[in-house]
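Subject: The structure we talked about

Hi,

Here is the structure I promised to pass on. Have a look at it first, and then read my notes below.

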Amino acid sequence: MPFWLRLPLRNVVRARRRTLSTGIGVIFAFVLVMMGWSFIQSMSYLLDHNFNDVERWDMSVTFNQMLPQAELGKLASVNGVKQVVPAVELPATVSNPNGSKSVFLTALPPDQSMHNFQIEGNMPQAEALGPGKVMLTTRIADDLGVKVGDSVDVETALGKKAFAVGGLTTELSPSYAFMSMAELQGWAGAQQPVFNFVYMTVDAGRGNDIEMAIYQFPGTTSVQFKSTIENDWSSLLGFFNLFMRVILVFALALSFALRFNSHTAT
């Protein structure tokens with residue numbers, strides 16, 4: 001064999017324990033590199049997917065009382081507001097013989113497009129939010145050991161009622177349950193549609209003016225901008241991303257040290 005080929009082969013087979021330990025070290029260094037890089041990419045994708053593909057609203061407004069449908073037209077008439085979708089949010093408990101879970105029950109129109117549900121099996125949203133049905137997150141369904149079609153009890157201030165699991169959705173926050181507005185209105189026995197929460201799309205650059213106008217409505221407790229929530233999440237994950245980058249740098253340094261040692265050892 002030529003010298004350039006004889007030397008590396010001699011080093012590999014001459015000290016087998018060193019060769020084995022070097023190989024294991026290279027594998028661990030590679031795993032660290034892939035772990036650090038994948039965590040950074042995964043969190044970036046998660047935020048982008050949630051705030052651009054799932055949440056399609058610009059502002060959300062919470063009221064401390066139920067408002068009649070007439071107030072919805074007044075909200076839509078605020079200068080700069082493009083679309084308004086009403087909803088009802090209530091604290092609730094979902095239970096079955098396997099246990100119970102505290103959730104935030106959200107009632108939405110089945111044809112709304114402000115919140116894009118990630119429903120398992122590509123089930124249509126209107127089907128998952130059909131009459132007599134409640135949609136759970138996959139986490140809640142796993143904890144209760146239920147699947148689509150099973151029965152669960154939903155308890156709110158309105159009382160306790162049995163519903164069929166209409167669908168399973170993946171959400172950034174797992175402690176949610178969803179049903180149609182019509183189903184909740186019928187449960188409450190409301191004579192006319194009411195709401196205590198709205199999603200909005202607004203003109204760019206008009207957010208502050210719209211916020212001031214909305215706070216003039218009775219019962220307004222909070223106005224949230226999706227961009228502000230996204231920035232808060234990015235700030236919370238800033239330290240995590242920094243930590244993962246430090247791990248990535250150390251993994252690359254470890255890889256270099258192992259390769260350098262294997263090439264220079266005699």
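This is a predicted model: local features need pLDDT of at least 70, side-chain atom pairs count only at pLDDT 80 or more; totals for chains, interfaces and linings use all residues.

Let's start with helix H2, where the buried residues are Thr22, Gly25, Ala29, Val33, Gly36, Ile40, Met43, Leu47, His49, Asn50, Phe51 and Val54. Buried here means under 20% relative accessible area, exposed means over 50%, and partly exposed is in between, with a 1.4 Å probe and protein chains only. Helices (H or I, at least four residues) and strands (E, at least two) are DSSP runs, numbered from the N terminus.

Residues are numbered from 1 along each chain as its sequence is written, and side-chain values use heavy atoms, with hydrogens and water left out.

**Overall shape**

The protein has 9 helices and 9 strands. Its C-alpha atoms fill a box of roughly 90 × 50 × 25 Å, taken along the principal axes. The radius of gyration is 27 Å, whereas a compact globule of 266 residues would have one near 18 Å. (This radius is taken over C-alpha atoms, and the globule rule is 2.2 Å times the number of residues to the power 0.38.) Of the 266 residues, 40% are buried.

Here is a pair to find on your screen: Ala70 and Met35 are 35 residues apart in sequence, and their C-alpha atoms are 53 Å apart in space. Ala70 lies in helix H3 (residues 70–76) and is exposed, with a relative accessible area of 55%.

**Salt bridges**

How many salt bridges are there? The count comes to 6, where a salt bridge is a side-chain nitrogen of Lys or Arg within 4 Å of a carboxyl oxygen of Asp or Glu.

One of them joins Lys101 and Asp143, with the closest N and O atoms 3.5 Å apart. This pair links distant parts of the chain, as Lys101 is in strand E3 (residues 99–108) and Asp143 is in helix H5 (residues 138–144), 42 residues apart. Lys101 is partly exposed at 29% relative accessible area, and Asp143 is partly exposed at 35%. Arg139 comes in as well: Lys101, Arg139 and Asp143 are linked in a network of salt bridges.

Glu183 and Lys161 also meet in a salt bridge, at 3.7 Å from N to O. Here too distant parts of the chain are linked, with Glu183 in helix H6 (residues 181–188) and Lys161 in strand E6 (residues 159–169), 22 residues apart. Is Glu183 buried or exposed? Glu183 counts as buried, because its relative accessibility is 14%, while Lys161 is partly exposed at 31%.

**Aromatic rings**

There are 8 aromatic pairs. Rings of Phe, Tyr and Trp (its six-membered ring) pair if their centres lie within 6.5 Å; planes under 30 degrees apart count as stacked, over 60 as edge-to-face and the rest as tilted. Phe117 and Phe178 have ring centres 4.8 Å apart and planes at 75 degrees, so they are edge-to-face. Phe117 lies in the loop between E3 and helix H4 (125–128) and Phe178 in strand E7 (residues 176–180), so the pair ties together parts 61 residues apart in sequence. Phe117 is buried at 7%, and so is Phe178, at 5%. Ring pairs also link Phe104, Phe117, Tyr176 and Phe178 into a cluster.

**Two things to look at on your own**

Asn122 lies in the loop between E3 and H4. Its phi is near 55 degrees, a positive value in a residue other than glycine, and Asn122 is exposed at 74%.

Finally, Phe243 lies in helix H9 (residues 238–264) and is partly exposed at 45%. Phe239, Leu242, Phe243, Val246 and Phe250 make a nonpolar surface patch of about 570 Å². Patches are made of residues with over 30% relative accessible area and no salt bridge, with like charges joined within 9 Å and nonpolar side chains (Val, Leu, Ile, Met, Phe, Trp, Tyr) within 5 Å. The areas come from the Shrake-Rupley method with a 1.4 Å probe, and for residues only the protein chains shown count as cover.

Cheers
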